[in-house]
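Here is a short report for a reader who is new to this structure. Look at the sequence and the model, then read on.

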Amino acid sequence: MSNMDESIPDYKHYSLAELLEAKSTIDKEAFPERLAIIEQCIAQFDTHSAAQQNASENAPPAKALRSVPVRFLGNGREFFNIWIVNLLLTIATLGIYSAWATVRNNRYLYSNVEIDGHRMSYLATPKQILIGRAIGVLLFASYYVLSVLSPLLSGLLLLLLFALTPMLVCMSIRFRMRMTGYRNVRFGFTVRYGRAFVVFVLYTLLALITFGILYPLLFKKIDEFIYENMTYGDAEFETDLSTGEYFLATIAAGVIAGVVIALLFGVSIGAGAAAFSSADDAKPISQFFIIGMLLLYMIALAISSSFYKALIRNHIFTNTQIRNVARFDSKVSVMGLIYLRLTNLALLVCTLGFGMPWIKVRSARFFARATTVEVLPGYEEVIASAEESANAIGDEVSSVFDVDVAIG
Amino acid sequence: MFKRQGQFYPQGGSKCIEVEVHLHEAGELRLVNESENLDILQDLKDCHINPKLGDIPRELSLPNAGLLSIAACTELDVWLAGSSGASIDKLERSSWLILTSVLLVPLLLYGLFKYAIPYAAIIFADAVPDAAVSVASQQTLKTLERTVLDPSKIDQAEQQALMDYWQTVLAQMPSTDKQFNILFRDSSRLGANAFALPDGTIVFTDQLVELFESDRALLTSVLLHEIGHVEYQHSMRLIAETLVATVALSYFFGDVSSLLEFFGGVSNTILQNQFTQDLEWEADNFALSHLEQVGLSNQAFADAMTKLAEKIGEQSQMDSILQSHPLMQERIQNALEANQKKR
């Protein structure tokens, strides 16, 4: 006790947490010079922590500069004009133009998203889309033909595709991320094939072996894999998901689906029995009946999947951040999402598909409104290599691996 | 010269500098921000201009410098258009083209699915090698025998008598390169039914023979219908049509979305039923045009359909509404009309 005055604690070797504790507990009147040293050390820590990424686990969460909404500025009418003209060109060219159409449609949807005064951008070139489509169509067609000719060979192909799934999924995510830009910096995805194999093959098998009980765990592992490996320029994503949340969302969605299907099925059987009392009339009604069943199924799916989607999206957004760049928040309401899905379905059916542009715009607006972004201090300091700069002309940058194989 | 406010993103990072952009008549632009000490003079010729699209901001890539984004406005569009020429944007804004598209898209899709795809399917069916067809057929038969078909319980002598009769019927048919192999199988699951596999295997269920009370004329009219399926290569055509239609649908509307899967599902069901019904009509007409040749009248076909229609009426309603055959009444009418024409 007596030598307390003489020996000044070695603050330089304190951790930031210890320093902060010392600062709050120290007798400021008695030891003004120690307080100064502590504050000096803390200040040093602050400048260091920006550079030392490992330190972030100990550091308190960075203070957000501002919290900004996500806004979607497109409108259905404008998008319809773009969509329909491109669709006509696609059909007239027997599908070849579809790659160009996709780029224009996506550019419209991406560039109308505004966050903090800056737009998102869609950076894929038609050529990249075309190659991906060609591979996808070829794979699908060969599988279909094989499945008719020889179940054995098609089984082998399916097995091969299953084994290749991790790679294809990684490539697909990577493509989608790399084709997304913000503030002239591309998003990215660090491909880890080994980890992808564990998640997509081993966890899938595990879920199957346990009769689906572990499906929520699989869903969580997949989301974790995706969000942990995303990047924005040189900034990395961090995510901390909870398995419990996935079990909750999956079970709830399953129960809701069961209840809704049972209810709808009961009603439809009653109606069906009444409608088909005479065999002669049955044929023209049969197609309506099949469509009706599909519709009921879709309604059940819309309701239960809305529940899952809302819960999980909110969970992922609140628990994911781009280190020192941004934190996210999502407040999707289950009822709001069910309403959106059901009205979209009605719109699609009533317009025979022509309402698609409005559906996309409504959905984009809905999810934008539910989302907030907290801007963190490092948002202007993200470094993008020549490849990661969005403005680098596409063809020079795109490697052969930048392909999104469109399956199914 | 006119001025606009713009956002300049220097290459290599996420920094953004608000700039005043001076756009000169000579196709030169100048980016100025005094507080950042920024002053860039750039020839538009060397820039990559992102094509105009809707009302999204116009973006310019400055070589090795960065990206410039300026809110869209007519004056700027005109200034930028000087170097980029014609654009798809003009088409997307043309009222007459939009209107034309609204009319033409459904028409073209209809034509595509109604004529182009079935036509392509015929070409495909012709191109499939016989060996592949035979392998596929035998695989299908094996699968069916494991699941819904049991050995026939019909008396061996009766089977033989029918077979012998059909040999004479087949001999009277126009020559064909197909080998027909007729089988009897018991199937409570399929009920009164007959089907053909692409390699010429034709299966009658015991239940159908019972329903027709072994009447040769009725059974033969069904046989001719099934031979029609084989001769026109309907199985392969159906496969090709379904495949191409699926790919085409996902290709045209395929910006992945769960709603579209639903849309695709519905249209596939409708399409497949449509394809199937067309094929059934073809097989019917094949049978009707050959009945006389083998010494039978079209009345036999009409009778066979009538019996089947009565049977279907008795069957559970679920079964009947899921069948893809055309309206029984229409088919009977078709047979009777063909009958009258001949007289």
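Two residues are in contact if their C-beta atoms, placed from the backbone, lie within 7 Å. Residues 315–323 of chain B also stay under 50, and the model gives them 13 contacts beyond four places in sequence.

This is a predicted model, in which local features need pLDDT of at least 70 and side-chain atom pairs count only at pLDDT 80 or more, while totals for chains, interfaces and linings use all residues. Residues are numbered from 1 along each chain as its sequence is written, and chains are lettered from A and ligands numbered from 1 in the order in which they are written.

**Confidence**

The model scores ipTM 0.72 and pTM 0.73. Chain B has a mean pLDDT of 80, with 84% of its residues at 70 or more. For chain A the mean is 79, and 74% of its residues reach 70 or more. Within chain A, confidence is lowest in helix H13 (residues 394–397), at a mean of 38. It is highest in strand S2 (residues 113–115) of chain A, at 95. Residues 393–401 of chain A have pLDDT below 50, with ten contacts in the model beyond near neighbours in sequence. Residues 49–57 of chain A are below 50 too, and have eight such contacts.

Helices (H or I, at least four residues) and strands (E, at least two) are DSSP runs, numbered from the N terminus.

**The seven-strand sheet of chain B**

Chain B holds an open sheet of seven strands, in the order S4-S3-S2-S1-S7-S6-S5, with antiparallel pairing. Its edge strands are S4 and S5 (48–49), and each pairs on one side only. Two strands pair if DSSP finds at least two bridges between them. Some pairs from chain B are set out below.

| Strand pair | Sense | Bridges |
|---|---|---|
| S1 (residues 2–10) and S2 (residues 17–24) of chain B | antiparallel | seven bridges |
| S3 (residues 28–33) and S4 (residues 38–43) of chain B | antiparallel | six bridges |
| S1(B) and S7 (residues 66–70) of chain B | antiparallel | five bridges |
| S8(B) and S9 (residues 181–186) of chain B | antiparallel | two bridges |

Gly6(B) stands opposite Val19(B) in S2(B). S1(B) and S2(B) form a hairpin with six residues between the strands, where Gly12(B) takes a positive phi near 100°. S3(B) and S4(B) form a hairpin with four residues between them. In that turn, Asn37(B) has a positive phi of about 60°. Leu31(B) stands opposite Ile40(B) in S4(B).

**The four-strand sheet of chain B**

Another open sheet in chain B has four strands, ordered S8-S9-S11-S10, with mixed pairing. S8 (150–151) and S10 (194–196) stand at the edges with a single partner strand each, so one side of each has no neighbour in the sheet. Asp150(B) has Asp186(B) in S9(B) as its bridge partner. Helix H7 (residues 216–231) of chain B lies across S10 and S11 (201–205) of chain B, at about 25° to S10(B).

**Where helices meet**

Axes are lines fitted to C-alpha atoms, for helices over the stretch in contact, and angles run from 0 to 180 degrees between N-to-C directions.

How do the axes of H7 (residues 193–209) and H8 (residues 215–228) of chain A cross, and at what angle? They come within 9 Å and cross at roughly 170°. H7(A) is therefore roughly antiparallel to H8(A). Angles under 35 degrees count as roughly parallel, over 145 as roughly antiparallel, 65 to 115 as roughly perpendicular and the rest as oblique. Among the residues in this contact, Val199(A) and Tyr203(A) belong to H7(A), and Leu218(A) and Phe225(A) to H8(A). The contact divides into nine nonpolar, one polar and two charged residues. Ala, Val, Leu, Ile, Met, Phe, Trp, Tyr, Cys and Pro count as nonpolar, Asp, Glu, Lys and Arg as charged, and the others, Gly among them, as polar.

One helix contact joins the two chains. The axes of H3 (residues 76–92) of chain A and H3 (residues 95–127) of chain B come within 9 Å and cross at roughly 45°. H3(A) is therefore oblique to H3(B). Among the residues that meet are Ile84(A) and Leu88(A) in H3(A), and Val102(B) and Leu108(B) in H3(B). This contact has twelve nonpolar, two polar and no charged residues.

Terms used
pLDDT = per-residue confidence, 0-100.
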